[in-house]
Amino acid sequence: MIPAAFDYKRASSAAEAISLVSQYGSDAKFLAGGHSLLPLMKLRLAQPAMLIDIGRVKDLSYIKDAGNHIAIGALTRHMDVETSKVLREHAPLLSHAAGHVGDAQVRHRGTIGGSIAHADPASDLPATTLALGATYVVQGPKGQREIAATKFYKGFLESDLAADEMLIEIRVPKMQGAGWSFQKFNRRAQDWAIVGVAAWRRKGEAGVALVNMGSTPILATSVATAIAKGASISDAAAMASNEADPQSDLNASTDYRKHLASVLVRRALEAASK
Amino acid sequence: MTITEDKSTKIIGTRLLRREDPPLLTGEAKFTNDLNIPGALHLSVLRSPFAHAKIKSIDVSAALKIAGVVAVYTGKDLQSAWAAPMPCAWPVTTDMKNPPHFPLASDKVNYVGDGVAAVLATNETASRDALDAIDVQYEPLKAVVDLEDALSDKNIIHKDLGTNKSYTWPLLVEETPGCVEEAFKKSKYKVKERYVQQRLIPMAMEPRAIAAVPQPFGGDITLYSSTQIPHILKVMSALTLGIPEQQVRVVAPSVGGGFGSKLDVYAEELLCMALARKHNTPVRWVEERTENTQATIQGRGQIQHVELAADENGKITAVRVRIIGDMGAYLQLVTPGVPILGAFLYAGVYDIPKAYDFSCTSVFTNLTPTDAYRGAGRPEATYAIEMAIEALAREMKIDSFELRKRNYIKKEQFPYTAFSGLTYDSGDHLLAAEKAAKMTDLAGVRAQQKKQNVPGATRLLGVGMSSYFEMCGLAPSRVLASLNYSAGGWEAATVRVLPTNKVQVITGTSPHGQGHETSWAMIASEKLGVAPEDVDVLHSDTAISALGLDTYGSRSLPVGGVAIALACDKVIEKAKLIAAHQLECAAEDLQFVGGTFSVKGSPDRALPLAAIAFGAFTAHNLPEGCEPNLEAQVSYDPPNFSWPFGTHMCVVEVDTETGAVKILKYIAVDDCGNQINPLIVEGQVHGGVVQGIAQALFEEAVYDEDGNLKSSNLSEYLVPAASDLPSITTGHTVTPSPTNQLGVKGIGEAGTIGAAPTVITAIIDALSGLGVTTMAMPASPQTVWKTIQEATRGGKK
């Protein structure tokens, strides 16, 4: 309940945040909404020596129509992603999924960038942006670079972000009227998904990503390929776990998770095909 | 003099809003940890990470170097601080084994969370940091986690006892010797079932918090604690610490829920008191959530073997019950008594002859101690009998509601002396059950079920029910004595009319969410004819309420509330003598209506209570021998338990592909006799039902084979939230209790008792077409799905 002692700096701009993190290196952690980091600190599972608070960096909270894609500032709160008119029109799968993150209090504090940078395979938005073929823009001391969501997730809570880099923008391609579905299976509404599925479909094309089915969010490429080749939804859904390697925990064994994934992928594709 | 009309404003039975809520909802209410206590040292307790281990060595030197750390104590350091081990007030048998239990372990730890060292520091951060700096060397031993394994005595936890068995408590009631055995031989139908009551974590919203404040001179000490039992805690802490009782004052500030988990005398309370006296400085402690899951008592934890015999019509002829009770590592305040409380309820609401064979053997395990948790023994018993009734109905291939109807104790049989020897004061089970069926639209749901549950369907409907009797209002002291309980079951009340006709009610009950301030004011208001807002209710401070036995077991209203009504009667009796004196008439010629005494037949000769109260205060004109002031004290020992009852029904839809269970409809028909405040009754039912649903679907203290608690925080221990629950529809029948003047029965635990079997029987009903006849709790999606897989696989063979 009481974290270990730490130092604290507040950054007022992305540039200042990056300069601070360059100074303190791997002892430092960015603090945005705090909904992933602070619980870990209270349990003393995380003990960063320096917290760099980026919560007041104003220029990173936005949702913009950028032509082919929607650009979302990393510090945009889940609630803003959920209720954004632009996203509801062009990336309704993402705004809908954002409405299923935690509970209302979490959604008013937590940020899309924080969720993605934390790279928790059980979180909703990493898998959802992965399904949508998003690109993440990160900034470091040497400038900006773009990372495809497919290349970003490296392992459990591990991403391609360097210690002195910060996620600043999420670029989500417009869905162009594709059908979509977000299936979140859990025992309590506010929990992480036991298994989640983010899926979209446009005629012979589909994108499916899985929540909590491995050490990273999982892109179910076998399913998408099968759909592209004209397989039936249930045949495609049977391949849901081809790329997955799910854990066993209190709520679900590995086998049960795989079973759920195929049921939920089937339901998601059926809903997305309507 | 103005003559007041008889407004006879009826307060009892109205939905008065709770006076407790504004301060709670605005954050004004002060919980123990909100108290500002200058100079207090913070206590932190280092807890064992092993379920079973020898303590080889403890090095505290690094911890003592941390700035702010004042002292670190080990179990050995404090051995002389205790006059007695921690108390167990319920030695259920004369040969019960009770290992000595002290606030800190000395040589050996017996569960994950067992206290090993105590740190005092000037601030909370330093005391927390110090825990990480204490170096304890353990030699891990094999942990005993499984109940049947414990029973085998392969590994004995408390070596000096020579066994893991704490006690065996039998209850054999036979009309003629051997009749149970005979019934099982002769009866046409027999069922034999095994149920597991998983361990539950009570998870009060406010974790425990304590502050012990010594007086600078003279040795007096005040203990503030988030407790349900300030009065019992006062006596027990004085005895355990060897402090004269009159020097101990216990105060329970606002308490954020208990559910039985704060019905205990805890190590940390004793540590705070002992160390506050040692350092002559206030010492405070607040529990972290993970500590709460490990070091606060847990509930349930039983394996039940239940057998029913029934004749060709389904009339039950005998009941046999064998229980293994999980005590955990030590006996807490009433740990051993919990399964015994259930022993009297394995007849459920049914008319069963004297053919009952019950036995409970309770064992120690290397797990957190268990103790009373909402319902304490009675939900377990009710679950078993209701599940067994369902099994019997399946065996007989008849509808389980029909089977219940054949066995219900009939209305005209009350008062009914059950095979256990206890007398059920009143009841009408058929009425409550039929009301529940009507509110559920049972016929309509059954028709829909026929349509929906066709072969291949993946969303199956099920209806479940349970009828219950609750034995509550603990209790007649003499009955408790016959059960070897160390205390009585009375309750005390003082009612005082102040000179300005404002009223103080002092109660020995100790509310922690039940709304006693509102309900007790309503009782006094109605009795005395004053407005409820003119009644102040004082409680939970032993300096103000010196006598009492506190709040648990749905006792507060049928014992404590009735005590208040009786004290009001005494006040009225005295006031009547004064009124008769002043009105110059005979006391028996007076009537007391709406707060005014008047001469029967001549309403203009009247005197309001306000005038008498002021007159009693000035004492200028009192009858000969009459003491000044208007107050009365009562200690009330009830003649019987109180017996609320009811029937709950629910409708579920099971997704057979995922195992997810959705409760579509939940109907609770409860009969708690007369209701003081229906709003509060409904709140109690809602909360209780949710805790029962939680046991059925969500909650379980999960341990691994080494005795580590895997569900030690709120993301893994699944307390359901509003969004995970159905809307609960409550209904009532009203069968007033004939044993008290208010006609009231308890309602605190009824919901919990009714709900778990209602939900589980509904799930089994939904899946019956697939061959499912059993369902473990909690019925998580995975458990339901696996049970379906096993049943359908079995069916294909």
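Contact here means heavy atoms within 4.5 Å. The legends below all describe a predicted model.

**View 1. Where chain B meets chain A.** On that contact cut-off, 34 residues of chain B are in contact with 21 residues of chain A. Interface size is often quoted as the accessible area lost when the parts come together. For this pairing, chain B and chain A bury about 2,300 Å² between them, and 54% of that sits on carbon and sulfur atoms.

View 2. Chain B and chain A share 5 salt bridges. One of these joins B:E657 to A:R266, with the closest N and O atoms 2.6 Å apart. On the chain B side, α3 (124-133), α18 (678-698) and α20 (781-796) each put in at least two residues. The top contributor is α3(B), which gives 5 residues to the side touching chain A. Sorted by class, that side of chain B comes out at 14 nonpolar, 8 polar and 12 charged residues.

**View 3. A closer look at helix α3(B).** Besides giving 5 residues to the side that touches chain A, this helix has buried residues: B:A126, B:S127, B:R128, B:A130 and B:L131. What lies over them? The cover includes β1 (41-47), α2 (61-64), β3 (69-74) and β5 (115-121), which also belong to chain B. Look at the start of α3(B), too: there a side-chain oxygen of B:N123 comes to within 3.2 Å of the backbone nitrogen of B:T125.

**View 4. Aromatic pairs, one from each chain.** Over all chains, the structure holds 23 aromatic pairs. In chain A, the ring centres of A:F152 and A:Y153 are 5.0 Å apart with the planes at 85°, so this pair counts as edge-to-face. Both A:F152 and A:Y153 are buried. In chain B, B:F469 and B:F645 have ring centres 6.1 Å apart and planes at 75°, so they are edge-to-face as well. The chain B pair ties together distant parts of the chain: B:F469 is in strand β18 (residues 459-469) and B:F645 in strand β26 (residues 645-655), 176 residues apart. Both of these phenylalanines, B:F469 and B:F645, are buried. They also belong to one aromatic cluster, made up of B:F414, B:Y416, B:Y424, B:F469, B:F641, B:W643 and B:F645.

**View 5. B:E470, a buried glutamate in a loop.** B:E470 is found in the loop between β18 and α14 (477-482) of chain B. Is its place buried or exposed? The relative accessible area of B:E470 is 0%, and under 20% counts as buried, so B:E470 is buried. Its side chain makes a polar contact of 3.0 Å with the side chain of B:S554. The B:E470 side chain also reaches the backbone nitrogen of B:A750, at 3.4 Å. Leaving out residues up to four places away in sequence, B:E470 touches B:R378, B:S554, B:S642, B:W643, B:P644, B:G746, B:E749, B:A750 and B:I753.

**View 6. B:S48, in another loop of chain B.** This serine is found between β1 and β2 (53-59). At 2% relative accessibility, B:S48 counts as buried. A polar atom of the B:S48 side chain lies 2.6 Å from the backbone oxygen of B:F50. Not counting residues up to four places away in sequence, B:S48 touches B:V109, B:Y111, B:V112, B:G113, B:D114, B:V116 and B:Y138.

How values were computed:
Residues numbered from 1 in each chain as written. Chains lettered and ligands numbered in written order. Predicted model: local features only at pLDDT ≥ 70, side-chain atom pairs only at ≥ 80, totals over all residues. Heavy atoms only, no water. Buried area = accessible area lost by both parts, 1.4 Å probe. Salt bridge = Lys/Arg side-chain N within 4 Å of Asp/Glu carboxyl O. Helix = DSSP H or I, 4+ residues; strand = E, 2+ residues; numbered from the N terminus. Nonpolar A, V, L, I, M, F, W, Y, C, P; charged D, E, K, R; others polar. Phe/Tyr/Trp six-rings, centres within 6.5 Å; stacked < 30°, edge-to-face > 60°. Buried < 20%, exposed > 50% of the residue type's maximum accessible area, 1.4 Å probe, protein only. Polar contact = N/O pair within 3.5 Å; in protein donor to acceptor, adjacent residues only side chain to side chain.
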